[in-house]
Amino acid sequence: MAFGGKKKTETPEKNTQKNAGINAFIGEGTVFEGHFEFAGIAQITGKLIGDITSDGTLVVGEKGDVSGTIKVAELKSAGNISGEVSAKQKITLYKSAVMAGNLYTPALEVEEGASLEGEIRMKSLKNS
């Protein structure tokens with residue numbers, strides 16, 4: 001048994017790939033502008049400028065960059081997000097995440113090292 005070791009956290013990309021298939025993907029080097037709507041799981045490792053709407057899970061990878069309003073069931077981010085985020089279930093910010101904007105969610109997990117600047121409101125969003 002070892003003591004004092006750092007807990008190894010998985011990136012959201014690896015964690016999501018274990019659990020289920022990705023339905024939509026905006027890859028590194030891709031820039032998307034406009035309204036992005038998806039079902040299931042979407043992963044962004046490129047740049048998205050605009051609004052995102054889904055009853056699914058949005059995964060923003062370490063190289064992902066999102067500017068706009070996000071309304072999803074769950075957000076898992078290791079990348080950059082600028083804008084307002086509403087998640088009906090949970091928001092997870094991994095250690096490399098940079099979040100600038102207001103968060104609305106009933107559950108929030110922030111790893112040590114993540115950057116968060118904005119207002120946080122934690123309440124049930126089931127009827128939103």
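Here is a short chat about the predicted model shown above.

Colleague: What are the ground rules for this one?
Modeller: It's a predicted model, so local features need pLDDT of at least 70 and side-chain atom pairs count only at pLDDT 80 or more, while totals for chains, interfaces and linings use all residues. Residues are numbered from 1 along each chain as its sequence is written, and side-chain values use heavy atoms, with hydrogens and water left out.

Colleague: How many helices and strands does the chain have?
Modeller: One helix and 16 strands; these are DSSP runs, H or I of at least four residues for helices and E of at least two for strands, numbered from the N terminus.

Colleague: Which strands make up the open sheet?
Modeller: Six of them, in the order S2-S5-S8-S10-S12-S15, with parallel pairing. Two strands pair if DSSP finds at least two bridges between them.

Colleague: Why is one side of S2 and of S15 left without a neighbour in the sheet?
Modeller: S2 (31–33) and S15 (115–117) stand at the edges, so each has a single partner strand.

Colleague: How do S5 and S8 pair?
Modeller: S5 (residues 47–49) and S8 (residues 65–67) run in the parallel sense over three bridges, and Ile49 sits opposite Ser67 in S8.

Colleague: Switching topic, how much of the chain is buried?
Modeller: 39% of its 128 residues, where buried means under 20% relative accessible area (1.4 Å probe, protein chains only).

Colleague: Which residues have the most contacts inside the largest nonpolar core?
Modeller: Ile52 and Leu58, in a core of 22 residues. Such a core is a set of buried Ala, Val, Leu, Ile, Met, Phe, Trp, Tyr and Cys residues joined through side-chain atoms within 4.5 Å.

How values were computed: Buried < 20%, exposed > 50% of the residue type's maximum accessible area, 1.4 Å probe, protein only.
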